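The following note sets out points for a colleague who wishes to check the structure. Please read each point beside the displayed chain.

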Amino acid sequence: CFSTFNQGPTMKCSSKNNPAVFMGKSLLSRLVYTSNTVMSELQEEGMNAINLPLSPIPFELDPEDTMLEENEVRTMVDPNSKSDPKLQELMKVLIDWINDVLVGERIIVKDLAEDLYDGQVLQKLFEKLEGEKLNVAEVTQSEIAQKQKLQTVLEKINDTLKVSTRNIKWNVDSVHAKSVVAILHLLVALSQHFRAPIRLPDHVSIQVVVVQKREGILQSRQIQEEITGNTEYPFALFLSERDAFDTLFDHAPDKLNVVKKTLITFVNKHLNKLNLEVSELDTQFADGVYLVLLMGLLEGYFVPLYNFFLTPENFEQKVHNVSFSFELMQDGGLERPKPRPEDIVNCDLKSTLRVLYNLFTKYRNVE
């Protein structure tokens, strides 16, 4: 008997005497069984199978996306989803953030998938954020070498993020295959872990088509993949301050200079007591020494020299100094600064301004 995909009543009949039934079985057989002899036949059959009424696809697939092994699963983004304004905003925010972090590396990212898939930019981004040099080849050309490098970079990232294996939504194959979904998940996780001074749009989702080959037939289903949820946490604690400084940097450079002069006057008022003076906020506080000394002056105590490095010689010693100054700030009744110590050491001006502005707010009347 033959039933056309449950679209009409089932009819009992004989295939020997009914040519329509015979042709129907022949068509079904052609859709189910694939030929391994000619590549064009495989592509055509894949396209036919993916468009079966049992597994409709709202857009035309790339022929390569139909060439699956048995039980192989492949995901792809619905092209219509790429035009979502919130998704476009998220991608722009992440691209701008990466370019800000890597401004000293002369790297300009324009497309997340095309520029990050081989691991080169991810390596530089992680090294800058973590302040640690990775032992990987700088330039890789072959696919094997690229994947080996990407494997090392992702292992280090996963170890730093401390994400459980079942919650990791990216891997070497998906990133190297330029999966936008995997790359976005990875970048969002990095930005949140390192408390990037950016605001991610809330509740960004992507329509994803999941295709799997079962018994020779390509079947598909659509799912809504959430990339960001409620991004107020953990950023809500410092949104207003961050936004204020971002606004100064982006739209009011004249007012930014006023703020910098005010903070320079404030810190020099106290550092002058030790015959010290600063003129560059981003660089002269980067080793943490002036932050430690400033806290002692503001709170009225002497900081023992064995508690910090008066002449730090490497990145770790500078991070120690800044971290120690943060502890002194907490002892003085301030909340722990939101920027990371590494941001101060890396001469991030916004982070340094936020820390000094907190001190100015509390101690501006101290003589």
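**Surface patch and annotated region**

1. Phe302, Leu305 and Leu310 make a nonpolar surface patch of about 350 Å². Patches consist of residues with over 30% relative accessible area and no salt bridge, nonpolar side chains (Val, Leu, Ile, Met, Phe, Trp, Tyr) being joined within 5 Å and like charges within 9 Å. A salt bridge here is a side-chain nitrogen of Lys or Arg within 4 Å of a carboxyl oxygen of Asp or Glu, and accessible areas come from the Shrake-Rupley method with a 1.4 Å probe, only the protein chains shown counting as cover for residues.

2. The model is predicted: local features need pLDDT of at least 70 and side-chain atom pairs pLDDT 80 or more, whereas totals for chains, interfaces and linings use all residues. Residues are numbered from 1 along each chain as its sequence is written, and side-chain values use heavy atoms, with hydrogens and water left out.

3. Phe302 belongs to the loop between helix H13 (289–299) and helix H14 (315–331). Its relative accessibility of 67% is why Phe302 counts as exposed; the classes are buried under 20% relative accessible area, exposed over 50%, and partly exposed in between (1.4 Å probe, protein chains only). Helices (H or I, at least four residues) and strands (E, at least two) are DSSP runs, numbered from the N terminus.

4. An unreviewed UniProt entry lists residues 288–309 as "transmembrane region". UniProt positions follow the numbering used here, feature names are shortened, and annotations may be inferred rather than shown by experiment. In the model, residues 288–309 are 50% helix and 0% strand, and the end C-alpha atoms of this stretch are 9 Å apart.

5. Is Leu294 buried or exposed? Leu294, placed in helix H13, has 0% relative accessibility and therefore counts as buried.

6. An open sheet is formed by 3 strands in the order E1-E2-E3, with antiparallel pairing. Strand E1 (73–77) and strand E3 (217–228) are at the edges with a single partner strand each, so one side of each has no neighbour in the sheet. From one strand to the next, the twist averages 25 degrees; axes are lines fitted to C-alpha atoms (for helices over the stretch in contact), and angles run from 0 to 180 degrees between N-to-C directions.

7. E1 pairs with strand E2 (residues 204–214) in the antiparallel sense over 5 bridges, and Val73 stands opposite Gln212 in E2. Two strands pair if DSSP finds at least two bridges between them. The antiparallel pairing of E2 with E3 runs over 11 bridges; in E3, Arg221 is the bridge partner of Val210 and Gln219 that of Gln212.

8. E2 is largely enclosed by the rest of the structure, because 9 of its 11 residues are buried.

**Positive phi values**

9. The hairpin of E2 and E3 has 2 residues between the strands, and Glu215 takes a positive phi near 50 degrees there. His203, in the loop between helix H8 (180–193) and E2, is not a glycine, yet has a positive phi of about 50 degrees. With a relative accessible area of 48%, His203 is partly exposed.

10. Cys347, also not a glycine, has a positive phi near 65 degrees. Cys347 lies in the loop between helix H15 (341–345) and helix H16 (349–363), and its relative accessible area of 31% makes it partly exposed.
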